[in-house]
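Thanks for coming, everyone. Let me put the structure up.

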Amino acid sequence: IAAAYVQELRSVKGYAYCAEDVHLISAFLELTRLPNIVGAACKLLLRVLRFLRLCDYTTEDMHVMLAHASVYFQDVYAQLGHQLEAQEVGNVLATLIFIAHCYVQDETCPLRVWHKYLFRKYSPLTVLNAAVMRLMEIRRYKLRLSDEDLCRRLEHLNAALRSLGHASEQMTSLRSCQKLFRPRLRAGYGEGGDAEGRERVLKAGFAAEGGTERRSRASKHA
């Protein structure tokens with residue numbers, strides 16, 4: 001874990017779906033070039049990865065999403081960084097991951113579902129929808145990365161997992177990175193269009209997270 005984020009990430013690691021997600025978020029934050037981040041924002045980002053895994057996206061899918069979102073954030077932060085409060089940084093990053101997932105995946109999870117499980121406590125759906133449009137406007141609606149930049153970012157994310165023995169062998173060359181970038185029809189939000197089934201998975205997955213949160217609070221007051 002990068003030194004700039006280690007304390008905050010360790011404080012919320014109980015929200016991670018798996019151990020590799022803590023390292024993946026650390027590598028993602030390095031790509032954004034953020035000098036620091038608060039624990040609440042790290043918690044939200046870990047919950048985003050939990051959400052994506054419960055929606056049946058693979059680690060490789062998530063790498064591509066994070067690679068794109070890290071570039072989008074640099075433009076947004078250059079324009080709005082001085083206006084953003086610490087918690088808002090996490091909301092912006094999470095929203096940019098949503099935008100990236102819409103761009104790189106054929107089958108996507110609707111914004112209303114992202115809102116239900118990730119953003120409901122922070123803003124109404126109408127405000128979140130407006131934020132998506134504003135962030136895309138800042139990028140001038142250009143969501144594609146160059147092949148070289150995408151490959152470099154994918155390799156950085158993959159390297160973060162190498163020490164855990166989880167590095168993907170698919171991300172070892174520019175050609176492999178380009179192949180991963182091409183949108184693919186995946187199960188995504190409910191295999192075969194089974195949205196109700198995916199909702200059940202999400203509900204159960206976040207209910208388990210609630211148990212983690214209660215145990216974390218109890219340990220702090222023990």
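Which residue forms a salt bridge with Arg 53, and how far apart are the closest N and O atoms? The partner is Glu 20, and the closest N and O atoms are 2.9 Å apart. The pair links distant parts of the chain. Arg 53 sits in helix α3, residues 39-54, and Glu 20 sits in helix α2, residues 19-32. That puts the two residues 33 residues apart.

One caution before I go on: this is a predicted model.

Now, buried or exposed? Arg 53 has a relative accessible area of 16%, so it counts as buried, the limit being under 20%. Glu 20 is at 10%, so Glu 20 is buried as well. This pair also belongs to a network: Glu 20, Asp 21 and Arg 53 are linked by salt bridges.

How many salt bridges does a search of the whole structure find? Eight. I'll take two others from that search.

Next is Lys 116. It forms a salt bridge with Glu 199, with the closest N and O atoms 3.5 Å apart. Again, distant parts of the chain are linked: Lys 116 is in helix α6, residues 111-119, and Glu 199 is in helix α10, residues 195-221. They are 83 residues apart. Lys 116 is partly exposed, at 38% relative accessibility. Glu 199 is buried, at 18%.

Then a pair within one helix. Asp 149 forms a salt bridge with Arg 152, and here the closest N and O atoms are 2.8 Å apart. Both are in helix α8, residues 147-162. They are three residues apart, so about one helical turn separates them. Asp 149 is buried, with a relative accessible area of 19%. Arg 152 is partly exposed, at 44%.

On to the helix: α7, residues 125-138. Start with a length check. At 1.5 Å a residue, its 14 residues should span 20 Å. The end C-alpha atoms are 20 Å apart, so the span agrees.

Which residues of α7 are buried? They are Leu 128, Val 132, Leu 135, Met 136 and Ile 138. Around the axis they cover an arc of only 155 degrees, so they lie on the same side of α7. What do they pack against? The answer is α4 (59-80), α5 (86-104) and α6.

Last point. After α7 comes Arg 140, with a positive phi, near 55 degrees.

That's it from me.

Definitions and conventions. Residues are numbered from 1 along each chain as its sequence is written. This is a predicted model: local features need pLDDT of at least 70, side-chain atom pairs count only at pLDDT 80 or more; totals for chains, interfaces and linings use all residues. Side-chain values use heavy atoms; hydrogens and water are left out. A salt bridge is a side-chain nitrogen of Lys or Arg within 4 Å of a carboxyl oxygen of Asp or Glu. Helices (H or I, at least four residues) and strands (E, at least two) are DSSP runs, numbered from the N terminus. Buried means under 20% relative accessible area, exposed over 50%, partly exposed in between (1.4 Å probe, protein chains only). The expected span of a helix is 1.5 Å times one less than its number of residues. The arc is that of the directions from the helix axis to the C-beta atoms. Contact means heavy atoms within 4.5 Å.
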